[in-house]
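Please find below a colleague's note for a reader who is new to this structure.

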Amino acid sequence: MSGAFSAESRLIHAGTQRVAGQPATPPLVPASIYISAGEPRPGRGYGRESNPGWEALEQALGAVEDAEAVVFASGQAASMALMLALAKGRDSIVLPSDGYYGTRVLADKLRPHGAVPVHVDLQDLPAVERALAGRGARGSRGAGSSLLWTETPTNPLLRVADLARLAELAATAGAPMVTDNTVATGLLQRPLDSGATASLYSLTKSLSGHSDVIGGAVVSRDGELLAALRAWRSSGGAIPGPFEAWLALRGLKTLPLRIARQSQSALAIARHLAAHPRVAAVHYPGVTEPAAELASRQMPDGFGPLLSFEIIPDQAKAADKVVESSTLIIPATSFGGVESTWERRARWTGETAPDGLIRLSVGIEPAADLITDIDAALKTLKTLKTLDHLEVP
């Protein structure tokens, strides 16, 4: 479809064949083989190479950032393919110190192959510059020896990094830059426009939006990288099933409506929590300084569905009590679904969250209902016997 139309319109119509008698929406094609006499059509010789459902989903995802997409069986599979494709021959992967813990696990597994994870605060630009140059404990290295892996807003602390400045630092160092854009999605933030080599997504989250599919994707304008990713996907078998691709595309069509509602509600809830006597801190780009100004510039249309907050007292038992006391919000991991979910994030091994931090994914329920549920759950802290002496307000 012509680029004259908006990304929202193009993602809705991606994969549709405007032919009389053909389905008006992309069909589910559960095929493992294709007719392939003589020279096989590129990408259609065998089911591990492609599927019409993947192609439609990739068209939709690419349309959001005016690029091309490669879909995978999971976000972790997409991350691994990116690391394998971009870290080859490089000494280090510079990672956010407060980013998604699954990425840190993958980077650690690459260590035996020569790429050493270097964790840095992405808001500290001089520190990022030093890490990319390799100055420090390991001494000086040549240009182009690092891969910069960014994430903004981060999960679960929702810290915002300056993508344009990070891209400048990466370019100076000869380092490709990857941006995990799962929290914001390509509708609220377009990392490729800021200089990123690739945008990374978990399709499991907001993009599919219904908590019923696991998938991942990489979006890029770099033809060589896209070819390498497809090769890794085929060789490694990290392919999405036809039904998963169909579900993800179906969910993606309503992303503009969902993300607008969720962003609006999340901002209202974050502001409410910031004034709550039982909340010590709120982490959300629209209310957290100094990130608010940068976030408003970088994400002018909203900040997404994810926020986190720290309760008083900062204790695992107290946070568990709050999470278990909700009537409307579902105690569960992941985020971006139409239903609101929350969890004590530090229950996961390797997570960098305080004991009393609760991560909340705001769904499409009315914000007033969610605030009622949150307030009722926070009131249960008064009845937690082991905390009576702590003067919880």
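The points below begin with the basis of the model and then turn to its pockets and salt bridges.

1. This is a predicted model, in which local features need pLDDT of at least 70 and side-chain atom pairs count only at pLDDT 80 or more, while totals for chains, interfaces and linings use all residues. Residues are numbered from 1 along each chain as its sequence is written, and side-chain values use heavy atoms, with hydrogens and water left out.

2. The largest pocket has a volume of about 530 Å³, and of the 27 residues that line this pocket, Tyr100, Ser202, Thr204, Lys205 and Ser334 are the closest to its centre. A pocket here is an open set of points on a 1 Å grid over the protein atoms alone, where a 1.4 Å probe fits, with protein on both sides within 12 Å along at least five of seven lines, and lining residues have an atom within 4 Å of a point. A volume is the space filled by probe spheres set on the points, which are joined across faces, edges and corners.

3. At least two lining residues of the largest pocket come from each of helix H3 (75–86), helix H4 (101–110), strand S6 (198–202) and helix H8 (203–207); helices (H or I, at least four residues) and strands (E, at least two) are DSSP runs numbered from the N terminus.

4. The second largest pocket has a volume of about 250 Å³, and it is lined by 14 residues, of which Gly15, Gln17, Pro26, Pro27 and Pro52 are the closest to its centre.

5. The count comes to 16 salt bridges, where a salt bridge is a side-chain nitrogen of Lys or Arg within 4 Å of a carboxyl oxygen of Asp or Glu. One of them joins the side chains of Arg230 and Glu68 (3.2 Å, N to O), and this pair links distant parts of the chain, with Arg230 in helix H9 (residues 223–236) and Glu68 in strand S1 (residues 68–72), 162 residues apart.

6. Are the partners Arg359 and Glu343 buried or exposed? Their closest N and O atoms are 3.2 Å apart, and the pair links strand S12 (residues 357–361), which holds Arg359, with strand S11 (residues 341–344), which holds Glu343. Arg359 is buried, with a relative accessible area of 3%, and Glu343 also counts as buried, at 1%; buried means under 20% relative accessible area, exposed over 50%, and partly exposed in between (1.4 Å probe, protein chains only).
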